[in-house]
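Colleague: I have the entry open and would like to go through the fold with you. Could we start with the overall layout and then move on to details?

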Amino acid sequence: MATYRLHHIPESGNSYKLALMLTLCGQKFEPVWTDFAGGVTRTAEWRKAVNEMGEIPVLEEDGVRLTQTAPILLKLAGQYGKFGGENDAEKFEVLRWLFWDNHKLTSYMATYRFQRTFTPSPDPNVLAFFRKRLDDFLGILELHLQRSAFAAGERPTIADISMIAYLHFPSDETGYDFKVSHPGINAWLQRVSALPGWRPAYDLLPGQRLVRYA
């Protein structure tokens, strides 16, 4: 059985993707809190020792450091035979939504939420720009989930684990009340949270929390 250590902060949806995937696959991990707010990930020493890309999460598997959540999710899905596509068409859909999430949904929601909630004086023009883009992306996802139980069809996959990560945080952080604004997304979040072993980020990821301003 592999031994895992996860470098993270509790507020990181990308960290949560890996923590949740490991948990749903029945794997334990050692959480390693990272002083992101203190700037440690921007230091040359940390980048040399932990991740040259200067990002969290970092997953250590038997001492080997792995970075970037999408390829790690794909690796774990293949390794444990869970939450991957079961045929070529489904595998394509998993990749399609996984890449869309990384390029559109996660990148914009992560930045919007951080600016809105964890910075003291966000620029209202910047927030308005991100909000407009997010409204578009969430509208796309809402229509899709009105037709499909999960991202790639009738079964949950790593695409769902990836996409829910930033959307499952409290509404006072994200600025969205999905029960009101996006009922299809809200119902999908409930389906994913009903999976055996599911736990929210703040339960899975311990450590000092960022200062909240929103």
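Modeller: Read along the sequence, the pattern is β-α-β-α-β-β-α-α-α-α-α-α-α-α. Please keep in mind that this is a predicted model.

Colleague: How many helices and strands does the secondary structure come to?

Modeller: The protein has ten helices and four strands.

Colleague: In what order do the strands lie in the sheet?

Modeller: The order is β2-β1-β3-β4, in an open sheet with mixed pairing. The edges are formed by β2 (30–33) and β4 (64–67), each of which pairs on one side only. On average, neighbouring strands are turned by 25 degrees against each other, direction ignored.

Colleague: How many bridges join β3 to β4, and which way do the two run?

Modeller: Strand β3, residues 58–61, is joined to β4 by four bridges, and the two strands run antiparallel. As an example from this pairing, E61 has V64 in β4 as its bridge partner.

Colleague: Which strands does helix α1 touch?

Modeller: Helix α1, residues 13–24, packs on the sheet and touches β1 (4–8) and β3. The direction of α1 makes about 155 degrees with that of β1.

Colleague: And where does α3 lie?

Modeller: Helix α3, residues 69–80, lies across β1, β3 and β4. Its angle to β4 is about 120 degrees.

Colleague: Changing topic to overall dimensions: what radius of gyration does the protein have, and what would a compact globule have?

Modeller: The protein has 17 Å, which agrees with the value near 17 Å for a compact globule of 214 residues. The C-alpha trace spans about 50 × 45 × 25 Å along the principal axes.

Colleague: What share of the residues is buried?

Modeller: Of the 214 residues, 50% count as buried. The accessible surface comes to about 10300 Å², and 54% of this area belongs to carbon and sulfur atoms.

Colleague: What share of the contacts with a separation of 6 or more comes from residues 24 or more positions apart?

Modeller: Such residues account for 75% of those contacts.

Colleague: Let us turn to α9. Which of its residues are buried?

Modeller: In α9, residues 183–193, the buried residues are G184, I185, N186, W188, L189 and V192.

Colleague: What covers them?

Modeller: The cover over the buried residues of α9 includes α5 (124–147), α6 (158–167) and α8 (178–181).

Colleague: One last topic, the aromatic residues. How many aromatic pairs does the structure hold?

Modeller: It holds eleven aromatic pairs. In one of them, the rings of F129 and F130 have centres 5.6 Å apart and planes at 70 degrees, so this pair is edge-to-face.

Colleague: Are F129 and F130 buried or partly exposed?

Modeller: F129 counts as partly exposed because its relative accessibility is 46%. F130, at 15% relative accessibility, counts as buried.

Colleague: And how are Y166 and F169 arranged?

Modeller: Y166 and F169 form a tilted aromatic pair, with 6.1 Å from centre to centre and 50 degrees between the planes. Y166 counts as buried at 8% relative accessibility, and F169 is buried with a relative accessible area of 4%.

Colleague: Which residues do ring pairs link into a cluster?

Modeller: The cluster consists of W97, W100, Y108, F129, F130 and F137, linked by ring pairs. The edge-to-face pair of F129 and F130 described above therefore belongs to this cluster.

Note on methods: Residues are numbered from 1 along each chain as its sequence is written. This is a predicted model: local features need pLDDT of at least 70, side-chain atom pairs count only at pLDDT 80 or more; totals for chains, interfaces and linings use all residues. Side-chain values use heavy atoms; hydrogens and water are left out. Two strands pair if DSSP finds at least two bridges between them. Axes are lines fitted to C-alpha atoms, for helices over the stretch in contact, and angles run from 0 to 180 degrees between N-to-C directions. Contact means heavy atoms within 4.5 Å. The radius of gyration is taken over C-alpha atoms; the globule rule is 2.2 Å times the number of residues to the power 0.38. Buried means under 20% relative accessible area, exposed over 50%, partly exposed in between (1.4 Å probe, protein chains only). Accessible areas come from the Shrake-Rupley method with a 1.4 Å probe; for residues, only the protein chains shown count as cover. Rings of Phe, Tyr and Trp (its six-membered ring) pair if their centres lie within 6.5 Å; planes under 30 degrees apart count as stacked, over 60 as edge-to-face and the rest as tilted.
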